[in-house]
Amino acid sequence: MSEAGPPSLGLWAQEALQIPALLASPLLRAVPVPPGGGRPVMVLPGYLTTDMSSVRLRRSLNAAGYRAHGWELGRNNGARADLLERLCLRVSSLADRHGQPVSLIGWSLGGIFAREVAKLAPAEVRLVMTLGSPFSGDPRANNAWRIYELLNDHPVDRPPLQVDIPVKPPVTTIALWSARDGIVSASSARGLAGESDLQVEVDCRHLNFARSARAIRVIGQVLAQHLA
């Protein structure tokens, strides 16, 4: 299978083994990362998950001095006609509260939404970081699109939103990707030249982007480098 296709069934099967650890991740202690200097960050969850999925990441960022927030919109059930408007209001509220633009970290589908919010409200977004997000190439180059279409009333390539997903937001945009990702292809999460400003490989499974110590350390290091 070409790199542009979905990850192999073997990689996909490995993701299932990560589910218990993902569910238990809110119990894990913070991972040390470079200091954040009070900068605000909002983490957007992946498809079918909630803010609980990013508790360890946000705990780690808060412990380092960031002001880390969830998206507070419940479960990520996919694209909805009013979703970007609601996210823009959330980002605007956080930017007003902290007196500075917000950095957005989006895991998987949450990263696609983060990119689109940054296009709509670039003055209120300092940086976008995607974690294994399928923003490039074939929207079916992953092992989640069938579930998405089964649970939603629109095809994965025709969301009820006016978007051009591969276009880079007008802010610093960083794509974290993994060759061991069993859900989203490496090429989709890494993207083509011009679709992001920086691409960083992380050695983790898709379900571990916002929970594993290794991934959180990389997130913290990249944030520190680009928010200094």
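Reader: Where is serine 133 placed?

Author: Serine 133 sits in the loop between β4 (125-131) and α6 (145-151); helices (H or I, at least four residues) and strands (E, at least two) are DSSP runs, numbered from the N terminus. This is a predicted model, in which local features need pLDDT of at least 70 and side-chain atom pairs count only at pLDDT 80 or more, while totals for chains, interfaces and linings use all residues. Residues are numbered from 1 along each chain as its sequence is written, and side-chain values use heavy atoms, with hydrogens and water left out.

Reader: Why is serine 133 called buried?

Author: Buried means under 20% relative accessible area, exposed over 50%, and partly exposed in between (1.4 Å probe, protein chains only). Serine 133 has a relative accessible area of 0%, and is therefore buried.

Reader: Which residues does serine 133 touch?

Author: A contact means heavy atoms within 4.5 Å, and, not counting residues up to four places away in sequence, serine 133 touches Gly106, Trp107, Ser108, Gly111, Ile112, Val184, Ser188 and Ala189. The side chain of serine 133 also reaches the backbone oxygen of glycine 106 at 3.5 Å.

Reader: What makes the pair of serine 136 and glutamate 195 a polar contact?

Author: A polar contact is a pair of N or O atoms within 3.5 Å; within protein, one must be able to donate a hydrogen and the other to accept it, and residues adjacent in sequence count only if both atoms are side-chain atoms. The side chains of serine 136 and glutamate 195 are joined at 2.6 Å, although the two residues are 59 residues apart along the chain, with their C-alpha atoms separated by 7.7 Å. Serine 136 also lies in the loop between β4 and α6, and its relative accessible area of 5% is why it counts as buried.

Reader: Is arginine 86 buried, exposed or partly exposed, and where is it found?

Author: Arginine 86 belongs to helix α4 (residues 83-98), and because its relative accessible area is 40%, it is partly exposed.

Reader: What makes the phi of leucine 48 and of serine 108 worth a remark?

Author: Most residues other than glycine have a negative phi. Leucine 48, however, has a positive phi near 70°, and serine 108 has a positive phi of about 55°.

Reader: By class, how many residues of each kind are in the lining of the largest pocket?

Author: The lining has 30 nonpolar, 11 polar and 4 charged residues, where Ala, Val, Leu, Ile, Met, Phe, Trp, Tyr, Cys and Pro count as nonpolar, Asp, Glu, Lys and Arg as charged, and the others, Gly among them, as polar.
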